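My entries follow in the order I looked things up.

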Amino acid sequence: MASSGKYYRFDGLSILVVDDNRFVRSIMLAVLKALGIGKMIQAENGEEAMAVLEVSAQMDGVGKDIDIIFADHLMEPKDGIELLRWVRAHESDKIRFLPFVMMSGDADEAAVRLARDSGVTEYLAKPMSVMNVASRLLSIIDKPRSFVRAPNYFGPDRRRQTLPFEGEDKRHLGPEDVRVVEDGAHMVIDSQNGMGENPTKPAEAQETDSDEVDDAARQRVKA
Amino acid sequence: MNGGAMNDNVKPGPGQQPLVEIIHRPNKLREKVGGTADGKPGRIDPAAIMRATAHIARLSDAHEAQTKLDLTELQEIYRRALAEPQNRPVHLKRIVKISDGILTLGKTFGYDLLSDFAHALNHFLIPLAEPNTAQMQVVGLHIDAMQVLVRENIKGDGGSIGQALNSSLSMARTKLGAKRG
């Protein structure tokens, strides 16, 4: 899609930067500040970030929420993957749906796959640069993905694109196994047995658009 | 299972909820940054990009000082890893962490080869459960090479000296690295 040509204003955004290297953190903060980010919060490791996010989850007020997390992979105590899993498992919608950018020098396939399957939104392979950071911000803002809740996964849709597929259909699930829901009206799925429980959605909102479901199920072929 | 058939083990029974939810969320971030209603992507002001780049450039001296500190610590931890085999895993973990910091910012400040050496060191070290003496020497060679790059202020691809170092380290890693796959 062509650009609107309009410049984004980031002064209303609040970003949590998590890295145990103070100098790296200060560079990251300098970059974000220069890009116009309104508020930056620092945490030295995953454990400290969890405390910050817990406070944010309890606070009720406009402008006090954290909008995006940038976190290093290698940290102690609690590394980036542990923090990401904690975020995605959090009971508050304010936390578990947060865009999460994992920063790592180890960007081989296994590391990226681990982050992806833990629910990462974007992966920023080091070295850090202004353009790297800016492009992840734009991607989060302009190309948000729906969230998927499955028995063994909760996070942004791991497929970034739908490609034509002519091969054998190997789907395990059909349209009746997939439900498309709107913001906040989702149920909880028990990760142990894969069955839904504690539905929180009003009955009328549980109706699904069959085309959307078919499309969603269709996309599973490429998973 | 083929042809779109269902897996009976996971298929929900009558009255049970679907296995998978696809949750659509309103794009509040886009609203927050002033995105247009037509959904077209916006841009980042080039002046902000230049400002951020200039900010980083001003931190060049601080980066050099920090890297020297990092390399001194790297050398010390390496010495301890050699002297205390029983604590080697802890020391090597620290080496990976310090090296990761060097990797992160090297290219940002024009030390491309420094970043490459730090990355290569970690790539070599991480798969090694218990490095032997020869493999520990390869670790030391990488630290020494990084010291040379910073001491001589060798930036970019390092020119002939840098490439010679790169080639030697690459051969050492190939010869003594963990077998992958």
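**Hairpin and the chain-to-chain pairing**

I started with β6(A) and β7(A), which form a hairpin with two residues between them. This is a predicted model, so I note its limits: local features need pLDDT of at least 70, side-chain atom pairs count only at pLDDT 80 or more, and totals for chains, interfaces and linings use all residues. Residues are numbered from 1 along each chain as its sequence is written, while chains are lettered from A and ligands numbered from 1 in the order in which they are written.

My helices (H or I, at least four residues) and strands (E, at least two) are DSSP runs, numbered from the N terminus. I call two strands paired if DSSP finds at least two bridges between them.

β6(A) covers residues 147-150 and β7(A) residues 153-156; four bridges pair them in the antiparallel sense. I found Pro156(A) in β7(A) as the bridge partner of Phe147(A). β6(A) also pairs with strand β1 of chain B (residues 20-24), antiparallel, over three bridges. There, Val148(A) has Ile22(B) as its bridge partner.

**The five-stranded sheet of chain A**

Next I traced the open sheet of five strands. Its order is β2-β1-β3-β4-β5 (chain A), with parallel pairing. β2 (39-43) and β5 of chain A are at the edges with a single partner strand each, so one side of each has no neighbour in the sheet. On average, neighbouring strands are turned by 20 degrees against each other, direction ignored. For such angles, axes are lines fitted to C-alpha atoms, for helices over the stretch in contact; angles run from 0 to 180 degrees between N-to-C directions.

I checked β1(A) (residues 14-18) against β2(A): five bridges, parallel. Val17(A) is bridged to Gln42(A) in β2(A). Helix α1 of chain A (residues 22-34) packs on the sheet and touches β1, β2 and β3 of chain A, with its direction at about 170 degrees to that of β2(A). Touching rests on contacts (C-beta atoms, placed from the backbone, within 7 Å). Helix α6 of chain A (residues 130-142) lies across β3, β4 and β5 of chain A, at about 175 degrees to β5(A).

**A closer look at β4(A)**

Is β4(A) mostly covered or uncovered? Mostly covered: five of its five residues (100-104) are buried. Buried needs 20 or more other C-beta atoms within 10 Å of a residue's own; exposed is 12 or fewer, and partly exposed is in between, with C-beta atoms placed from the backbone. Phe100(A), Met102(A) and Ser104(A) are on one side of β4(A), Val101(A) and Met103(A) on the other.

β3(A) (residues 68-72) pairs with β4(A) in the parallel sense over four bridges. Ile69(A) stands opposite Phe100(A). On to β5(A) (residues 122-125): again parallel to β4(A), over four bridges. Ser104(A) stands opposite Ala125(A). From β4(A) the chain crosses through helix α5 of chain A (residues 109-117) to β5(A), a right-handed β-α-β crossover. Right-handed here means that, with the strands pointing away from the viewer, the path from the first strand over the helix to the second runs clockwise.

**A helix pair**

I then took α2(A) (residues 46-58) and α3(A) (residues 80-88). They pack at an angle of about 25 degrees, with axes 9 Å apart. They are therefore roughly parallel to each other (angles under 35 degrees count as such). The residues making the contact include Met50(A) and Leu53(A) of α2(A), and Leu83(A) and Trp86(A) of α3(A).

**Backbone exceptions**

Most residues other than glycine have a negative phi, and most peptide bonds are trans. I looked for departures. The peptide bond from Glu76(A) to Pro77(A) is cis, with omega near -10 degrees. Pro77(A) lies in the loop between β3 and α3 of chain A. Lys78(A) is in the loop between β3 and α3 of chain A, and has phi near 70 degrees. Lys78(A) is partly exposed, with 18 other C-beta atoms within 10 Å.

In chain B I noted Asn153(B), with a positive phi of about 55 degrees. Asn153(B) is in the loop between α6 (133-151) and α7 (159-176) of chain B. Asn153(B) counts as exposed, with 9 C-beta neighbours inside 10 Å.

**Chain totals**

Chain A has seven helices and 10 strands; 37% of its 223 residues are buried. Chain B has seven helices and one strand; 34% of its 181 residues are buried.

Conventions: Two residues are in contact if their C-beta atoms, placed from the backbone, lie within 7 Å. Angles under 35 degrees count as roughly parallel, over 145 as roughly antiparallel, 65 to 115 as roughly perpendicular and the rest as oblique.
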